[in-house]
Amino acid sequence: KDFSPDAYDDSESGTCVGTLLRIVDFRRVNDGRMVLLVQGIERFVISKVYQELPYTIVDAQIILDEEELMAYPMPSAVATSFAWHSFEYEDNVKLAEDGSDPGEEVCIGAIVGERLAQLIPFISLKSTNARDLSLLQKSIAQAKSEVLDLVPVGSNDAPIQHLTCRNVLNEVPTFSNIESQGGRLSAGDIEYDLWICIDEYVRLRGLHDVMSSDLMALLPQGKDWPNDFCLEDLAAKLEAKNTQGDGVRPPYPNERRLKRLSYSASALLGGSTPSDLLNKGVRQMLLEVPSTRGRLWAVLERFVEYNSLLRSKHVDK
């Protein structure tokens with residue numbers, strides 16, 4: 001694939017950033033509709049549009065985060081990211097538990113309600129033990145090595161810089177301002193503050209009993225949390241209930257864990273509060289942030305705003 005700036009169409013339709021979806025399961029509903037269960041696995045940018053009607057045909061390029069492109073050329077980094085999908089996405093998730101097969105016609109009641117709430121918005125990490133994960137990491141290292149042997153010299157220029165120059169990808173203004181003034185926000189520091197805000201949000205909304213174990217799997221271990229931090233105890237209780245033997249928080253590369261957190265944490269935001277508007281358009285905004293650090297910062301800002309409104313609401317009561 002050509003990663004050079006010349007490969008990108010300057011038209012408006014050539015700058016669309018979207019999500020690559022993986023269809024996990026689907027059912028035909030007896031009223032004629034079709035329900036798909038999809039997982040968002042990567043983001044992409046449309047580089048050239050060939051046809052729009054009767055259906056769209058385009059060239060599209062996978063966009064990785066800046067941090068993923070620091071050590072390896074684009075093709076190797078993409079191959080690595082795709083290799084991790086076998087661990088990060090569970091294959092056996094089903095829309096309905098009535099014994100029906102994919103594509104089979106079912107009643108809408110078999111899908112919506114409690115069953116759908118169990119599936120959305122978080123998808124479980126695969127039930128992989130530490131040994132299997134170690135083997136996966138070795139195979140990923142081998143794949144990177146093989147791809148590097150095939151990469152031409154000089155092909156390590158990723159399109160991130162070109163896309164940011166064209167304002168297709170943008171950091172949020174507050175993040176850019178701090179970085180432009182010489183400040184360097186580490187992903188670890190931003191993540192720590194984000195978990196503190198998530199913890200407060202959970203307490204303010206009383207979500208202790210409904211917190212997703214899949215989100216708790218991303219909580220880092222060994223951190224010096226404040227005394228009133230409740231999520232560590234919650235994670236420990238979920239660990240105790242886990243029957244797979246490897247715990248809720250499996251060994252998982254830090255950079256992958258941070259990237260997953262940067263996309264998934266905002267799914268907690270919402271509820272019947274005046275702050276609902278704060279979450280409008282957040283998914284597209286997060287897609288268009290070029291770095292993991294910047295995305296974590298953007299999510300942190302949202303939680304700070306939500307918590308401020310929720311605290312005000314509690315004071316008013």
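Analyst: What follows takes up aromatic pairs, then surface patches. This is a predicted model: local features need pLDDT of at least 70, side-chain atom pairs count only at pLDDT 80 or more, and totals for chains, interfaces and linings use all residues. Residues are numbered from 1 along each chain as its sequence is written, and side-chain values use heavy atoms, with hydrogens and water left out.

User: How many aromatic pairs does a search of the whole structure find?

Analyst: The search finds five. Rings of Phe, Tyr and Trp (its six-membered ring) pair if their centres lie within 6.5 Å; planes under 30 degrees apart count as stacked, over 60 as edge-to-face and the rest as tilted.

User: Why is the pair of F175 and W297 called tilted?

Analyst: The ring planes of F175 and W297 stand at 55°, so the pair is tilted. Their centres are 6.5 Å apart.

User: Which helices hold F175 and W297?

Analyst: F175 is in helix α6 (residues 173-180) and W297 in helix α12 (residues 292-316). The two are 122 residues apart, and the pair links distant parts of the chain. Helices (H or I, at least four residues) and strands (E, at least two) are DSSP runs, numbered from the N terminus.

User: What makes F175 count as buried?

Analyst: Buried means under 20% relative accessible area, exposed over 50%, partly exposed in between (1.4 Å probe, protein chains only). F175 has 2% relative accessibility, so F175 counts as buried. W297 has 16%, so W297 is buried too.

User: Why is the pair of W225 and F229 called stacked?

Analyst: Their planes are at 5°, so the pair is stacked. The ring centres are 4.2 Å apart. Both W225 and F229 are buried. Ring pairs also link Y192, W225 and F229 into a cluster.

User: Now the surface. Which residues make the nonpolar patch?

Analyst: L21, I23, M34, L36 and V38 make a patch of about 440 Å². Nonpolar side chains (Val, Leu, Ile, Met, Phe, Trp, Tyr) are joined within 5 Å, like charges within 9 Å.

User: Which strand gives the most to the nonpolar patch?

Analyst: β2 does, with three residues. β1 (17-29) and β2 (34-51) each supply at least two.

User: Why is L21 called partly exposed?

Analyst: L21 has 49% relative accessibility, so L21 counts as partly exposed. L21 sits in strand β1.

Technical notes: Patch = residues over 30% accessible without salt bridge, like charges linked within 9 Å, V, L, I, M, F, W, Y side chains within 5 Å. Areas by Shrake-Rupley, 256 points an atom, 1.4 Å probe, with all protein chains shown as cover. Salt bridge = Lys/Arg side-chain N within 4 Å of Asp/Glu carboxyl O.
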